[in-house]
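Visitor: Hi, I've got this one open on my screen and I'm new to this. Can you walk me through it?

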Amino acid sequence: AKSDGRKAFRFYSADMTEQARERLAIETALRHALTRGELWLAFQPRHDLVSGRLVGAEVLVRWEHPTQGLLLPGRFIAVAESTGQIEQIGAWVLDEACRQLKRWEQAGIPEIGLAVNVSGRQVLQGNLIETVQAALERTGCRPDRLELEITEGFLIRGPEASRVILERIRDMGVRIAIDDFGTGYSSLSYLKQFPIGTIKIDRSFVRDITLDPNDQAIVTAIVALGRSLGLRVVAEGVETPEQMAFLGECGCHEAQGFLYSKPLNVREFLGYCKRPGDR
Ligand code: C2E
Ligand code: CA
Ligand code: CA
Ligand code: CA
């Protein structure tokens with residue numbers, strides 16, 4: 001039994017080393033990712049549930065790693081948050097998103113909005129106000145085409161400071177969305193306390209929405225609450241027509257998910273914008 005225990009321990013610590021090595025490798029490679037142009041943006045279409053029309057997209061960062069191929073944010077965002085690299089990456093994502101918005105506006109595709117994910121570290125430790133301001137000025141894109149998605153978990157770490165920062169950004173005309181709503185330390189008072197314009201219902205509530213009465217109750221309540229506060233309510237992770245129908249019936253405004261489209265590169269997204277006939 002004793003030797004078994006030691007074996008287990010060795011295995012465990014070898015595992016930890018492997019993890020630490022992986023983190024370090026990611027951190028090191030990330031330093032060059034921006035300067036070497038390895039990051040790119042994917043766009044996941046967002047649709048109005050009443051008209052079916054395409055109204056915008058969520059911006060999701062992608063990393064074409066030199067040796068590992070395409071990496072999804074799950075592999076590197078947490079590392080970038082802990083090292084602080086997220087501030088630079090986040091600023092680049094914002095800039096690039098605003099540049100796209102401006103290009104589309106000039107190309108006669110003006111009715112598209114973009115929602116950009118913003119890490120709490122950018123709010124609390126980065127200079128998010130200046131970053132947003134600079135992106136808007138540099139690109140000349142319309143602030144009301146831009147939305148920032150922030151998870152509620154981060155707001156709790158510095159509620160007073162983040163409220164002030166988010167208010168300044170809202171005052172520039174940029175919308176603020178609460179991401180993954182219902183999964184964090186959800187305090188409903190946030191909805192009053194922060195300058196929120198949009199709630200995004202987390203995928204975990206949408207997944208079983210046609211089967212699970214509890215999820216149905218939760219989603220119905222979130223939508224009713226959001227609507228009565230005058231907020232826009234968006235569901236993520238919509239994969240089936242039945243989920244879409246349920247969300248539409250309970251008054252959810254918009255939806256995104258594989259039912260409509262997976263995240264697309266810019267060329268694919270433009271094709272999607274121009275496809276004949278809206279869903
Ligand atoms: P999120 O904000 O919850 O983004 C939605 C995630 O769900 C995306 O994963 C998207 O590809 C995936 N998804 C969309 N529709 C469906 C669906 O119908 N079914 C399923 N099963 N999944 C769907 P992705 O691209 O891997 O992004 C993961 C997370 O990484 C995002 O979660 C977001 O929190 C973060 N992230 C992405 N881009 C950025 C960024 O530029 N900055 C920061 N700070 N975080 C980012
Ligand atoms: Ca998001
Ligand atoms: Ca989300
Ligand atoms: Ca989510």
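**Metals and a ligand**

Guide: Donors are N, O and S atoms within 2.8 Å of the metal (3.2 Å for Na, K and Ca), and water is not among the atoms, so sites may look incomplete. This is a predicted model, where local features need pLDDT of at least 70 and side-chain atom pairs count only at pLDDT 80 or more, while totals for chains, interfaces and linings use all residues. Residues are numbered from 1 along each chain as its sequence is written, chains are lettered from A and ligands numbered from 1 in the order in which they are written, and side-chain values use heavy atoms, with hydrogens and water left out.

Visitor: Ok, which residues coordinate the calcium ion (ligand 2)?

Guide: Glu58 (OE), Asn117 (OD1), Glu149 (OE) and Asp179 (OD) do, at 2.1 to 2.3 Å. Asn117 is in strand β4 (residues 113–117) and Glu149 in strand β5 (residues 146–151), 32 residues apart, and the pair links distant parts of the chain. Strands (E, at least two residues) and helices (H or I, at least four) are DSSP runs, numbered from the N terminus.

Visitor: What does Asp179 bridge?

Guide: Asp179 bridges the calcium ion (ligand 2) and the calcium ion (ligand 3), which lie 3.5 Å apart.

Visitor: New topic: how many residues surround ligand 1?

Guide: 21, and the closest are Gln44, Arg62, Arg203, Glu239 and Phe258. Here a residue counts if one of its heavy atoms lies within 4 Å of the molecule.

Visitor: Which element gives the most to that shell?

Guide: β2 does, with 4 residues.

Visitor: How far is an oxygen atom of ligand 1 from the side chain of Arg203?

Guide: It's 2.7 Å from an N or O atom there. For Arg62, a polar side-chain atom lies 2.9 Å from an oxygen atom of ligand 1. Asp179 turns up again too, with a side-chain N or O atom 3.1 Å from an oxygen atom of ligand 1.

Visitor: And what kinds of residues make up the shell?

Guide: The shell around ligand 1 divides into 9 nonpolar, 5 polar and 7 charged residues.

Key
A polar contact is a pair of N or O atoms within 3.5 Å; within protein, one must be able to donate a hydrogen and the other to accept it, and residues adjacent in sequence count only if both atoms are side-chain atoms. Ala, Val, Leu, Ile, Met, Phe, Trp, Tyr, Cys and Pro count as nonpolar, Asp, Glu, Lys and Arg as charged, and the others, Gly among them, as polar.
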